[in-house]
Each structure stands twice: as structure tokens, then as C-alpha cells.
Amino acid sequence: MQLVNRFALGLTFGFALIVGGCGKQEPPPAPKTEAPKPPPEVVVRIGSVAPLTGPQSHLGKDNDNGARLAVEEVNAQGWVLNGAKVRFELLSEDDQADPKTGTIVAQKLVDNKVAAVIGHLNSGTTIPASKIYHDAGVAQISPSATNPKYTEQGYKGAFRVMANDVQQGKVLGEYAVGKLGAKRIAIIDDRSAYGQGLADEFEKAAKAAGAAVVGREYTTDRATDFRAILTSIKAKKPDLVFYGGMDAQAGPMVAQLKTLGLKARYLGGDGVQTAEFIKLAGPAREGVIASSPGLPLDKMPGGKGFTEKFTAKYGQIQIYAPYAYDATMTLIEAMKNANSTDPAKFIPVLARISRQGVTGPIAFDEKGDLRNGPITLYHAKESKWEPLETVGGEAAPAVGAPAGAACCPPAKSGGEAAPAVAAPAGTPAATGEKAPAAAPAPAAPEKK
Amino acid sequence: MDIFLQQLINGVVLGAIYALVALGYTMVYGILGLINFAHGEVVMIGALTALSVIQFLVASGVPLPGPVVVALGLAAAIPVCMMLGFTIERVAYRPLRHAPRLTPLITAIGVSILLQNAAMIVWGRQYISFPALLPVTSHSIAGATVTDQQIFIVLLAAAVMAALVYVVHRTRLGRAMRATAQNPAVAGLMGVNVNTVISITFIVGSALAAVAGVLVAAYYGIAHYFMGFMLGLKAFTAAVLGGIGNLAGAMLGGLLLGVIESLGAGYISDLSGGLLGKYFPDTFPMFVNGGFLGSHYQDVFAFFVLILVLVFRPSGLLGEQGAERA
């Protein structure tokens with residue numbers, strides 16, 4: 001076993017050396033030696049950055065494969081620009097979900113003259129790296145970073161294909177008051193950029209919708225004991241507790257909330273809507289509601305076709321692969337529309353693009369955020385996240401969609417009906433309404 | 001009132017956990033005058049070892065009742081921690097016994113970092129969920145809830161402390177420990193095997209750490225490689241608060257610290273956001289939403305108390321003059 005491993009390691013290193021060597025020696029416009037065809041070939045480099053090692057590596061690899069699938073498809077189709085065949089080359093980098101490493105690999109990509117970057121996965125790495133890309137005039141599309149700051153810096157070339165935390169907080173606030181009928185709300189956040197931002201947006205939306213915020217408590221992203229703040233919250237008799245933070249805290253928190261006899265509904269964002277939360281919360285998870293940007297995989301317009309293509313090549317989809325695929329496809333379409341692979345030329349086109357992607361329609365607002373990005377609410381039921389309904393995502397916001405009558409999860413029994421996802425009429429791929437009921441929610445993000 | 005009572009209960013349980021860990025610090029300090037900063041990490045190793053065994057038992061599908069599975073996990077964790085404690089003392093502290101006081105302190109921190117990183121390699125970085133095997137039955141007392149688990153934790157901490165006090169004051173081994181604490185050289189001349197006594201102290205302390213680790217993981221339902229760090233710091237604070245080296249002091253310090261933290265975190269938001277922010281929004285604009293000095297300062301209370309104690313009563317509330325320190 002050991003021997004095999006060593007052998008494999010050696011092979012990998014050897015291969016990496018060869019590939020690395022080739023990559024460095026090959027000047028971008030040079031024709032490839034083994035393809036001595038008459039039409040000259042132009043190599044356009046696209047960076048792909050995600051954590052490829054460490055605890056989030058399964059998510060990172062997923063993103064990377066999504067981008068790779070798109071690049072391979074486009075290369076297979078072929079595209080001729082100014083008489084030269086364009087071949088896209090994907091340069092994958094590992095940022096280890098670490099902001100410092102993120103900036104180092106960003107600089108490396110810029111030095112390698114990439115035209116654009118698909119990434120990063122985490123907000124924490126995306127934001128510092130975006131400055132480097134901006135300074136170098138490189139386009140950047142993040143498939144999964146949701147922190148609003150990323151697009152608030154005024155960088156012309158920074159985009160994302162997923163709804164951000166402002167949009168998510170707003171949807172959650174309106175859902176809590178409108179659908180769940182919450183009147184007295186207590187809010188807890190973990191004082192991280194993500195948790196605090198989400199909680200603030202939630203508070204604004206909930207207040208605007210007419211609910212009273214009766215308590216605002218804080219914890220840290222290292223804490224495990226929440227009994228003191230939960231007891232303090234219990235005294236204020238809320239009917240809903242919102243948590244802006246990650247699953248590692250939300251899990252024990254929900255369990256402690258239950259043992260304290262606090263009978264309030266528990267609501268969270270995408271940091272809570274994870275498979276990890278289901279494990280950590282134990283039986284207390286039942287009935288917890290949390291949101292996540294995007295549609296459930298089986299509700300995506302192109303979800304079925306993408307799943308087939310992707311799983312045939314790379315195996316199971318974790319979560320963000322369709323977004324990475326869409327980000328790459330959108331980028332390349334902008335290049336084609338602009339008839340140029342020069343960021344200065346295709347970025348303005350990218351900003352105005354409007355196309356149907358696998359995950360839904362893709363168009364950006366003036367900041368580079370996804371216009372009307374969908375947000376899906378899930379509830380924990382029988383140790384799984386089941387989609388409840390989707391807000392936004394199409395031209396007309398689907399807040400008051402007909403299926404919304406089944407708003408309260410406990411009222412639904414068994415799972416006899418399809419989840420009340422408010423798929424607006426006319427969605428092309430709203431196929432198999434019944435089948436998805438049993439399908440598990442897509443694997444969830446771990447840390448954003 | 002029921003809310004205040006609930007906060008008090010929360011605090012006492014939290015304090016009992018601190019006390020259980022603090023006993024380990026205090027035992028070692030009482031005899032060696034050394035602060036064993038690696039103690040928190042021993043707690044962590046105990047929790048994670050038990051967790052691995054429990055996960056294995058659950059996965060193997062052997063139909064055992066939950067408490068038995070946890071007990072088996074604990075039974076595996078205790079010898080592992082004992083061996084670890086013995087090894088730490090043998091490798092990291094004994095060669096430095098006659099070195100200046102600062103040297104073993106630095107080694108202690110080094111051992112702590114070493115253990116944390118080793119655990120990270122073995123168990124990974126992620127939070128691991130502790131299966132909910134123990135039944136959680138809640139009792140209601142005047143509007144406040146107490147679970148069986150919480151009662152068990154407090155009783156166990158009290159029992160362990162009582163047992164330690166008995167051992168130290170009433171047994172031959174205890175007499176040897178006290179003699180070693182007073183003067184190792186003379187104790188050696190009187191036929192006490194000083195090395196054995198010190199080793200036993202570490203072994204007993206580490207066994208306690210294993211118990212504390214399993215309790216903490218089961219109580220919070222979560223464990224990870226970093227869990228020993230904060231717990232160790234808090235427990236150390238508790239030991240200093242009560243008077244380090246003093247077994248009863250560790251218990252008192254732990255309970256006090258737990259209650260202070262619980263009440264502080266429970267009421268600071270009402271005070272800063274609700275009172276100052278509400279009635280003096282112009283004078284204290286930063287207090288308006290409570291974010292400036294809110295309940296996330298829970299950990300700060302512990303260290304604030306530590307500073308106060310060190311300034312005004314450096315030897316702790318009960319003093320260092322416990323019998324062990326004589």
C-alpha cells in the first residue's frame with residue numbers, strides 16, 4: 001500500500017513537473033508543437049481558484065471541475081477569432097481558503113497573464129484577491145462568494161453569479177415576518193463579517209416588515225456555550241430566533257435552545273444550511289429553517305443536463321459546480337460577444353450580458369451582483385434539508401407564488417407532495433414535479 | 001426571577017466544568033509549583049479519543065445502550081490520557097525539574113502546541129459532532145430548567161473534589177504528596193519516592209482531564225482539536241481565582257467564574273444596549289445596538305476577573321496555603 005502510494009506520489013510529482021514546465025515555457029501566442037495545423041492557435045488563460053486542499057477541498061475541487069467542464073466544452077466546439085483558433089487553458093490554483101494564500105496565488109495568476117479568474121470560493125479570499133485582479137485589469141467572476149463587500153469596492157471587473165448576503169438577509173427577514181408570522185424576533189450573530197452582515201440585513205428587513213426586534217445578542221465563531229444569551233433571550237419571549245453565523249455554532253446552539261425550553265422557531269442563513277449542521281444539532285435540528293442562495297440542483301433550468309454531464313466526468317456534484325460552470329460560460333460568451341479576449345474590451349460586454357445559464361438567467365447589476373438572484377429556503381426534516389420555497393430568480397419575483405400556502409413545514413406530513421418551491425410558471429425545466437420530493441438537497445457549503 | 005435562576009444554574013454547571021479541569025492544574029501546581037499549560041490539551045485528547053471509540057462502537061452496530069457506549073468511550077480515554085500525562089511529565093518536565101521556573105513553563109506551552117497540532121493531524125480541523133447518546137431529561141424548578149446531565153456534572157465535580165481532598169489528607173499517598181510539596185529533597189530522605197509521587201500526580205490529573213473532556217464533549221455535543229485551549233485558560237483562571245494549589249479553591253474559583261460569566265453575558269446586552277443605548281443614545285451612540293459591548297464579551301469577564309484577582313489578592317480567594325502547599 002505504502003509502495004503504491006509512493007509510486008502514485010512520484011507519478012503526480014513527475015507529471016506536475018512536466019505540466020508546470022510546459023506551462024512556463026509556452027508563450028501564450030506560440031502554436032503548439034504537436035498540433036502543426038495551418039490555422040494559428042491562440043491560448044487564452046483563465047484562472048480558477050478555490051481551496052483544493054484542507055477541509056473545504058471537496059467544495060474547491062467541485063468548483064474547479066465545474067469551470068474545467070465549461071472550458072473543455074468550449075474548446076471542443078472551437079472558436080475562431082481573427083483567423084486564429086482560440087484555445088482556452090484553465091490554470092487551477094489552491095488558495096487553501098486562506099486570505100494570505102489567496103493573494104499569493106492571485107498574484108501568480110496575474111503574472112501568468114490570465115485574462116480572467118473564476119473564483120475564489122470563499123468571501124474571505126475573494127475580497128483581498130479582487131484588488132490584485134482589479135489592479136492588473138483582469139476580470140473576476142466568483143461562483144460562490146456572497147459577502148456584499150466584494151462588489152462594493154467599485155471594481156469594474158468583479159462579478160458574482162450568486163445572490164449576496166444583502167439579498168439573502170432581506171429575503172430571510174421578509175420570510176420570517178410574512179410567511180412564518182414572527183412578531184417578536186431575537187437576533188444573534190457571531191461578529192464575523194459574514195454573520196454580522198447577514199444579521200444586520202435581516203434586522204432591517206424584519207423591522208421594515210413590521211416585526212419587533214426584542215433582543216440582539218452576540219457570540220463568537222469559537223464559542224460553544226450559548227446558554228447565557230439564550231436565557232437572556234428567553235426572558236424576552238421571542239417567537240423566532242435568527243442566527244447569523246456558521247453551522248459549528250448553530251448546531252450546539254439549537255440543541256441548547258431546546259433544552260432551555262425556548263419555544264421559538266430557529267432561522268439561519270447559508271452558514272447554517274449545511275450537512276454539518278444536521279450532524280451537530282442532533283435531534284434538535286427538526287423544524288429549523290435556513291436559506292441558501294441559488295436553486296436546488298433539481299430545480300435549476302439546466303440542472304438535469306448539467307448533472308449528467310458533470311457526474312459522467314467528475315462524479316457527484318458537491319454544490320457550487322453549476323455556478324462555476326455558469327461563471328466560466330458567461331465569461332467566454334462575453335469574450336465572444338466582444339470579439340476579443342482582452343479584458344479591457346470584454347469586461348464592459350460582460351457587465352451588460354444577459355443569458356440563460358444552467359443555474360438560471362444571468363445578468364449583472366451596476367455593481368456586478370447577480371440581478372434578482374434566487375434564494376431558496378430549506379427546512380430540516382428527518383435529518384435532511386428539504387427545499388421549502390424559492391424567492392426571486394426569475395424576471396418577476398416569486399414571493400407570493402401560489403404554492404406558498406404550505407408555508408409552515410410542520411403542517412406538511414410524510415413528503416407526499418413536491419416541496420413547495422415557488423417555481424414560476426413557464427420555467428422551461430420544471431420537469432418531474434413529483435420526483436424531487438425525495439431527492440436530497442444538494443450538499444451544503446461549509447464555510448463561506 | 002426564573003430567568004435569574006436559570007442564569008445561575010447555567011453558571012453553576014459551566015463553573016463545575018471549569019472546576020473539574022482546574023483541579024488538574026491545581027494538583028500539579030500544588031506539588032511541583034509548575035503550571036501545566038498542556039492540561040487543557042489533555043482534556044481535548046481525552047474527549048477526541050472517547051469520541052473515536054464511541055463513533056466506532058456506533059458504526060459497528062453493536063446494540064448497546066447510550067450511557068454504556070459513553071462509559072466505554074470514557075474507559076478508553078482514561079488510560080490514554082494517563083499515559084499521555086505520564087509521558088508529558090517524563091519527557092517534558094522531569095529533565096527540567098531543577099531548571100529555572102520559566103523553563104518548564106515554556107516547555108508546557110510547547111507541549112500544548114505540539115498536542116494541538118498532533119490532534120489536528122489525527123482528527124482533522126473540522127468540528128466533530130458527539131452523538132447524542134445520553135438521554136436529556138429536563139426538570140423544571142421554579143420556571144428554570146435543569147437537565148439530568150447538568151445535575152450529573154455538578155455532582156461529579158463535587159465528588160471528584162471530595163475524593164481528591166480525601167486522598168491528599170487521609171491516605172499514605174496523600175501524605176507523600178504533601179511531603180513532596182513541602183520539600184522534595186527531605187521527602188526523598190524520608191523514603192518517599194519523589195519521582196513516583198510526581199508521576200502519580202500527573203496520572204491522576206490526566207485521568208480527571210479525560211473525565212472532564214468526555215463530559216464537555218457530551219454536554220455540548222461537539223468536539224474539535226482546539227477545544228482544550230480556551231477551556232484550559234478558563235480553568236487556569238478559576239484555579240488562580242480560588243488560590244492555585246488549593247483543591248477547595250479550584251472548586252470555588254470554577255463555580256464563581258462560571259456564574260460571573262453567565263450573569264455577565266446574560267445581562268450585559270440589557271445593560272449596554274438596553275439601558276445606556278436606550279436612555280443616552282447621544283452620549284453613547286456605540287451602545288445603541290449593543291454591538292459595542294455585547295454578550296460576545298463573555299470570555300472577557302473571565303480574564304477581567306483574573307486581572308482583578310492578581311492585582312488585589314494575588315494568592316487567590318482561599319489563598320495558596322492549602323494543605324498541599326502548607
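Helices (H or I, at least four residues) and strands (E, at least two) were taken as DSSP runs and numbered from the N terminus. By this criterion, chain B has 11 helices and 4 strands. The model is predicted: local features need pLDDT of at least 70 and side-chain atom pairs count only at pLDDT 80 or more, whereas totals for chains, interfaces and linings use all residues. Residues are numbered from 1 along each chain as its sequence is written, and chains are lettered from A in the order in which they are written.

Along the principal axes, its C-alpha atoms fill a box of roughly 70 × 55 × 40 Å. Of the 326 residues of chain B, 51% count as buried, a residue being buried if 20 or more other C-beta atoms, placed from the backbone, lie within 10 Å of its own. Contacts were assigned where the C-beta atoms of two residues, placed from the backbone, lie within 7 Å. Among contacts in chain B with a separation of 6 or more, 77% join residues 24 or more positions apart.

Within chain B, the axes of helix α2 (residues 39-60) and helix α4 (residues 102-123) come within 9 Å and cross at roughly 20 degrees, the axes being lines fitted to C-alpha atoms over the stretch in contact and the angles running from 0 to 180 degrees between N-to-C directions. α2(B) and α4(B) are therefore roughly parallel (angles under 35 degrees). From α2(B), the contact includes B:Met44, B:Ile45 and B:Leu48, and from α4(B) it includes B:Leu115, B:Ala119 and B:Trp123.

The contact between the two chains takes 28 residues from chain A and 33 residues from chain B. On the side of chain A, β8 (212-218), α8 (227-234), α9 (247-259) and α10 (275-281) each supply at least two residues. α8(A) gives the most, with 6 residues.

In chain A, A:Ile46 is found in strand β1 (residues 41-50). A:Ile46 counts as buried, with 28 C-beta neighbours inside 10 Å. Not counting residues up to four places away in sequence, A:Ile46 touches A:Val71, A:Phe88, A:Leu90, A:Val114, A:Ala115, A:Ala116, A:Ile118 and A:Thr328. The C-alpha atom of A:Ile46 is separated by 52 Å from that of A:Leu260, 214 residues apart along the chain.

Methods
A residue is buried if 20 or more other C-beta atoms lie within 10 Å of its own, exposed if 12 or fewer, and partly exposed in between; C-beta atoms are placed from the backbone. Angles under 35 degrees count as roughly parallel, over 145 as roughly antiparallel, 65 to 115 as roughly perpendicular and the rest as oblique.
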